[in-house]
Amino acid sequence: NEKYHFPAKIEFSWQKKAQPSSEQLLKDFKIYVRGSKVVYSQYGSPYSCSIMIDKIKLLSHDEIQPRLEVVGEAVRRRDIPTMKEQQDEQKKSMREEESDLLENHKDVL
C-alpha cells in the first residue's frame, strides 16, 4: 500500500477579539480533523488523508498566535478513479447521450 506521512506546523491568528484558550483550540482542532477525507493530488490521484490525532502537539501557549504541530497521513486510493479517469468517463457519457439523441431524432433532422 502507498502510505505517506507528512509533518506540518499550523499557526492560528484570530479575526475576532474573543479567542479560545490554547487548550480549547487544541481540543476543538482534534474534533475538527477526526476522520479522513479524500484529497486529490496535483496530478489528480486520490488519497485518503487524515491527521494523526495522537501526534498533535501544542507548540505555543501564545493566546494571540497559538501554533500546533501535526503529522498527517495519506494513503493512495486505487479503488477511486483519478480525476482524469472521471473526466474521461463524463466525456464518454456525454458522447453517448448525444449519439442517442441524434439516433432517436434523425427523422427530424
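Tutor: P66 touches I10, E11, F12, W14, S22, L25 and S60, leaving aside residues up to four places away in sequence, where contact means heavy atoms within 4.5 Å. This is a predicted model in which local features need pLDDT of at least 70 and side-chain atom pairs count only at pLDDT 80 or more, while totals for chains, interfaces and linings use all residues. Residues are numbered from 1 along each chain as its sequence is written, and side-chain values use heavy atoms, with hydrogens and water left out.

Student: Is P66 buried or exposed?

Tutor: P66 sits in the loop between strand 4 (57–60) and strand 5 (67–76), strands being DSSP runs of E of at least two residues and helices runs of H or I of at least four, numbered from the N terminus. Buried means under 20% relative accessible area, exposed over 50%, and partly exposed in between, with a 1.4 Å probe and protein chains only. Because the relative accessibility of P66 is 1%, this residue counts as buried.

Student: How far apart are the C-alpha atoms of P66 and W14?

Tutor: W14 is one of the residues that P66 touches. The two are 52 residues apart along the chain, and their C-alpha atoms are separated by 9.7 Å.

Student: Which residue forms a salt bridge with R78?

Tutor: Side chains of opposite charge can pair when their charged atoms come close. A salt bridge here is a side-chain nitrogen of Lys or Arg within 4 Å of a carboxyl oxygen of Asp or Glu, and the structure holds five of them. In the pair formed by R78, the closest N and O atoms are 2.6 Å apart, and the partner is E2.

Student: By about how many helical turns are D88 and K84 separated?

Tutor: D88 forms a salt bridge with K84, the closest N and O atoms being 3.0 Å apart. D88 is partly exposed at 35% relative accessible area, whereas K84 counts as exposed at 54%. Because they are four residues apart in helix 2, the separation is about one helical turn.
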